[in-house]
Amino acid sequence: MTWLKLWPWTRDALAIGASLIAQSLFVGAAFAQQSTPNILFILADNIGYGDIGAYGGGELRGSPTPRIDQLAAEGLRLTQFLVEPSCTPSRAALMTGRYSIRSGLSLVAVAGTSISLPADEITMAEMLRDAGYATAIFGKWHLGGQIYSQPQNQGFDEFYGIPPSDTWDAFGMIRQGLQTKSVDISLENGPHIVEAKRGEPLTLVKPYTEEVRRGIDWELVDHGIDFMTRQKAAGKAFFLYLPISRTHFPNLPSKRFEGASRIGQFGDSLMEGDAIVGTVLDALKALGLEENTIVVFASDNGPDGPGASRFGADMPDMGTTGPYRGALGDVSEGAIRTAAVIRWPQMIKPRSSYAMFSIMDFFPTFARLAGGKVPSDRPIDGIDQSDLLLGKNDTGRREHLLTFVGSDLVSVRWKQFRAYFVDVGPGRSGPGGMMPMGEWDPAPRR
């Protein structure tokens, strides 16, 4: 071993250099830790392309949405965000990064049936939890009620909301049963708000009544803020999934939002949803988490126009698809093209983009940004769009999209072209608002 004699100034220089290297490593490690972003995903229910102010609605329709508009101004506003025709399929696609038909969820899950997310599906929550994230869902799951399908068994550490197989109008079951004299269900045997921790069975919290329906989103907000606060204290990155009720039919605003808009209860509910988004964003900022959190606001599909119209053609409980035809359950553009905004301060440049972006694309995109692993043992239909988000390209990486209803391939999108394999009827002319080619009679019935 050879020893070198160091002059005092050499030793001092080495000491300073070692100190600088140590500081650099410390700062680098700290930056690496901070650069793992939190993810806050707010999924609205049945908001149409033309409902939000940033998409041509809002104040122009009589129901301003200033907080969502502000979010859109601060982030990436997608004008070709594509989903599946209805609730369950879109949510399955979001959670798995795969077409919903692959998990058998290309139709709406109904309580009491076997339609349920398979146990071997890998969800976004599982992917992020494996990457070190705390995960929570507060709201509507709607991917089936089988025990293996429930969110606390599909990657989420915490769950609070309506039953996993139900949607927001489940509270009307008791009243409808009494009115039609078809079934007599007691309050205690009806739908309940439920909760569960990871791996634990669901527990009943309270009956899901009309009164609870009116205020349920504020309960979800409280749970969400509490979750973010606890993860901030623990120094842990989090994935908070908030699938809220606004603006799912029937829209029942809380008392303080009744009459808030100029277009009836749908507008009131839309404005309440905007306030809900604003409240969560304010809490995020107050916690000092705003800069390092990816915030997504999106809708799962188009508005429930035809569904609401059966209760009266002038009933103001429906949204708008803006320039596109169709609505929830249809196969046309108004069902599968809706609003989505993504904000990540300092990382995502505020702008609008016409790039094609599927709800499935969030899975591989988040995996890339959060250091997660995309499953390699199954087809993944989502595309990593992180380069689009970060401004490395403007066109995105998606050029095509398939649309299924049940087992049927009903349309294909390629770039700006769309081919239909069914005759598209107005409103709901069949499952998914379509009939097989040659079987739809457009002539009026006499």
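# Reading the cores, helices and strands of a predicted model

User: What makes up the largest nonpolar core, and which residues have the most contacts inside it?

Analyst: The largest nonpolar core has 53 residues, and those with the most contacts inside it are F41, M124, F239 and F362. Helix α10 (residues 362-370) supplies the largest share of this core, namely six residues. A set of residues is called a nonpolar core because its members are buried residues of the nonpolar kinds joined through side-chain atoms within 4.5 Å.

User: Which residues is M124 in contact with, leaving aside its neighbours within four places in sequence?

Analyst: With those neighbours set aside, M124 is in contact with L94, M95, F239, F362, F363 and F366. Two of these residues, F239 and F362, are also named among the residues with the most contacts inside the largest core.

User: Why is α2 called oblique to α7?

Analyst: Helix α2 (residues 66-74) and helix α7 (residues 265-286) pack at an angle of about 55°, with their axes 7 Å apart. Angles under 35 degrees count as roughly parallel and those from 65 to 115 as roughly perpendicular, so a value between these ranges is classed as oblique. The angle therefore makes α2 oblique to α7.

User: Which residues meet where α2 packs against α7, and how are they classed?

Analyst: From α2, the residues P66, R67, I68 and L71 meet D274, V277, G278, L281 and D282 of α7. By class, this contact has five nonpolar, one polar and three charged residues. Gly counts as polar under the classification used, whereas Pro counts as nonpolar.

User: Why is A260 called partly exposed, and where is A260 found?

Analyst: A260 is found in the loop between β7 (238-243) and α7. Not counting residues up to four places away in sequence, A260 touches D268 and M271. The C-alpha atoms of A260 and G62 are separated by 9.4 Å, although these residues are 198 residues apart along the chain.

User: How do you know whether E290 is buried or exposed?

Analyst: The relative accessible area of E290 is 19%, and since buried means under 20%, E290 is buried. E290 lies in the loop between α7 and β8 (293-299), and it is in contact with L284, K285, R343 and P345 once its neighbours within four places in sequence are left aside.

User: What makes β12 and β14 stand at the edges of their sheet?

Analyst: The sheet is an open one of three strands, in the order β12-β13-β14, with antiparallel pairing. β12 (400-405) and β14 (417-420) each have a single partner strand, so one side of each is left without a neighbour in the sheet. The twist in this sheet averages 20° from one strand to the next. β12 and strand β13 (residues 408-414) run antiparallel and are joined by six bridges, with L402 standing opposite V412 in β13.

User: What makes β4 and β5 count as paired strands, and how does β5 pair with β6?

Analyst: Two strands pair if at least two bridges are found between them, and four bridges join strand β4 (residues 158-161) to strand β5 (residues 192-197), which run antiparallel. The bridge partner of Y160 in β5 is E195. β5 also pairs with strand β6 (residues 203-207) in the antiparallel sense over four bridges, and V194 stands opposite L204 in β6. β5 and β6 form a hairpin with five residues between them, and G199 in the turn has a positive phi of about 80°.

User: Why is strand β3 described as largely enclosed by the rest of the structure?

Analyst: Six of the six residues of strand β3 (residues 134-139) are buried, so this strand is largely enclosed by the rest of the structure. β3 runs parallel to β7, with four bridges joining them, and A136 stands opposite L240 in β7. β3 also runs parallel to β4, again with four bridges, and the bridge partner of I137 in β4 is F159.

User: How many helices and strands does the protein chain have, and what percentage of its residues is buried?

Analyst: The protein chain has 11 helices and 16 strands, and buried residues make up 55% of its 446 residues. Of the contacts with a separation of 6 or more, 69% are accounted for by residues 24 or more positions apart.

How values were computed: Residues are numbered from 1 along each chain as its sequence is written. This is a predicted model: local features need pLDDT of at least 70, side-chain atom pairs count only at pLDDT 80 or more; totals for chains, interfaces and linings use all residues. Side-chain values use heavy atoms; hydrogens and water are left out. Buried means under 20% relative accessible area, exposed over 50%, partly exposed in between (1.4 Å probe, protein chains only). Helices (H or I, at least four residues) and strands (E, at least two) are DSSP runs, numbered from the N terminus. Contact means heavy atoms within 4.5 Å. Axes are lines fitted to C-alpha atoms, for helices over the stretch in contact, and angles run from 0 to 180 degrees between N-to-C directions. Angles under 35 degrees count as roughly parallel, over 145 as roughly antiparallel, 65 to 115 as roughly perpendicular and the rest as oblique.
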